[in-house]
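Hi there,

Here is the structure I promised to pass on.

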Amino acid sequence: MRARIRALTDGAATGLAVLATVLVVAPLVAIFAYLIYKGASSLSWAFFVETPKPVGEVGGGMANAILGSAILLGVGSLIGVPVGIAGGIFLAEFGRGTKLANAVRFTADVLNGVPSIVMGIAVYSLIVVPQGHFSAFSGGVALGIMMVPTVCRTTEEMLLMVPNSVREAALALGVPNWRSVLAITLKTASPGIITGCMLAFARVAGETAPLIFTAFGNVGWNTRLNEPMAALPLQIYVYALSPYDDWHRLAWAGSLVLIVLIVLAVSLVRYVTSRGVLKGAS
Amino acid sequence: MGVGIEVTNLNAWYGANHAIQDINLNIPANHATALIGPSGCGKSTFVRCLNRMHETIPGARVTGSVIIGDLDIYKDIKPVEIRRRVGMVFQRPNPFPTMSIYDNVAAGLKLNGYSNRHVLDEIVERSLKNSALWDEVKDNLKKESGASLSGGQQQRLCIARALAVDPEVLLMDEPASALDPVSTSKIEDLIFQLKAQYTIVIVTHNMQQAARVAEKTGFFLNGRMVEFDSTDKIFTNPSDKRTEDYITGRFG
């Protein structure tokens, strides 16, 4: 009797866990399937190599927006990742318990909650207004600032998970503390930190709002950082709101491409960073 | 070669907790000296004062003098430098988990700026041979992580890592307490061989271990050193009643 009850409880718990898993995965699968259904048919070679056509002409592509997104995300990561990691190192290794650390941690958490449109407006008034024109650089800065809190806090958490015995081992070898932090602690925590950076990257890759007032968008090619630049989310936003069926189709295709590119970028980084990991490393 | 250690009026605190009180002690060069005593008696804190690791803990403080060789380590030299001369092996094996076996041993040298490959190769081999691990790992030096080894092997790897920076003193904080009997006896054999080249201070709460490996033994109780003498004398004819009570198993 007791064994049967135990078996039933076990079955119920397993069932609930499976159900929860399905609930978590279902939206992702649904979104992906719907994007493929709506967008795949509009994908063509032209989509990846051509710039948008003027209103009324059928066809054209988002090549400039794909390149623009890559550049904006590159600039954003160049700003967000180093600043975030440096902040995380300070919080976990040097500032523990200090007032400054508490202030930095609080600021990072607040920054994380700032709506992205506000971030766009802030960068607009800080960079675009003084410069007098929209620019890719200002868009990259907006994305970079949005990456900082996520990168910073995951770096801190991951560093704190490194056992103290590893730090002591390095110190006891006569390694200066700063060197031990960079060469030992940071390296030990690096898988988790890379995950944090990827999360931040994936999150800002789809951001539209901070780019509206900064990178602004561009219907033509542009690779110069001090001029307005197209970005996939911006282009999707504009096309989706337009009254033209052809543009709607391109917006769907753009959404599909955006998601696939994010998945590819994250997978690539994972692959590159997982090479050279030693047998039995933990 | 090992050097002697002269400890005078050593006191240490964790915040307001006076963990080590008025220790005076001369540790002879090229011998193994054991420190015994019940848990919490301050023996670990004491050895951590000998390479200035104690002060890495927030709120920790030390007074008194420790002279190693001819250097007062709290006056004449920076903490990082004294730690290169005084190696340490911890209670739990703590290899660097993301590094290969080779890099673990070379870590102390590489992180202090040595980069000559031939010299490093030589030192890594010699250190692993000195820690009796070479034969077990020589084929996987650069392929396997230090964390992939067994507990006993990891501890010998940590000993090799400490030896690679060529210290004069080796501090061992209960190096075998987390290990099985076979690994423990390997570590003890090792201590026997190593004391020809290094001064060894070993903390243990295994009294038989102290009797097996050490020429001198100190008994710690409540942050004070009750008795320090030859291991024979401590275990057969201690002068202090508390030492006798401890070694005969009346407490602890």
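**What I found in chain B**

Buried residues make up 50% of the 252 residues in chain B. Please keep in mind as you read that this is a predicted model.

Let me begin with the overall build. Chain B contains 10 helices and 10 strands. Its C-alpha atoms fill a box of roughly 55 × 40 × 30 Å along the principal axes. The radius of gyration of chain B is 18 Å, which agrees with a compact globule, because a globule of 252 residues would have a value near 18 Å. Among the contacts in chain B with a separation of 6 or more, 69% join residues 24 or more positions apart.

One is strand β4 of chain B (residues 60-68), which pairs with β1(B) in the antiparallel sense over 8 bridges. If you want a place to look, T8(B) has S65(B) in β4(B) as its bridge partner. The other is strand β2 of chain B (residues 17-27), also antiparallel to β1(B), with 7 bridges. Here A12(B) is bridged to I20(B) in β2(B). β1(B) and β2(B) form a hairpin with 2 residues between them, and G15(B) in the turn has a positive phi of about 60 degrees.

Then there is the interface. On this side, 26 residues of chain B are in contact with 20 residues of chain A. Two elements of chain B, α2 (79-85) and α3 (101-110), are the ones that give two or more residues to the side touching chain A. α2(B) supplies the largest share, 4 residues. By type, the chain B side divides into 10 nonpolar, 9 polar and 7 charged residues.

In soluble globular proteins, nonpolar side chains tend to be buried together. The largest nonpolar core in this model has 146 residues, and V201(B) and I202(B) have the most contacts inside it. Helix α6 of chain A (residues 136-161) provides the largest share of this core, 13 residues.

Which residues is I202(B) in contact with, leaving aside its neighbours within four places in sequence? They are A32(B), A34(B), M172(B), P175(B), I191(B), V213(B) and A214(B).

Best wishes

Conventions: Residues are numbered from 1 along each chain as its sequence is written. Chains are lettered from A and ligands numbered from 1 in the order in which they are written. This is a predicted model: local features need pLDDT of at least 70, side-chain atom pairs count only at pLDDT 80 or more; totals for chains, interfaces and linings use all residues. The radius of gyration is taken over C-alpha atoms; the globule rule is 2.2 Å times the number of residues to the power 0.38. A residue is buried if 20 or more other C-beta atoms lie within 10 Å of its own, exposed if 12 or fewer, and partly exposed in between; C-beta atoms are placed from the backbone. Two residues are in contact if their C-beta atoms, placed from the backbone, lie within 7 Å. Two strands pair if DSSP finds at least two bridges between them. Ala, Val, Leu, Ile, Met, Phe, Trp, Tyr, Cys and Pro count as nonpolar, Asp, Glu, Lys and Arg as charged, and the others, Gly among them, as polar. A nonpolar core is a set of buried Ala, Val, Leu, Ile, Met, Phe, Trp, Tyr and Cys residues joined through C-beta atoms within 7 Å.
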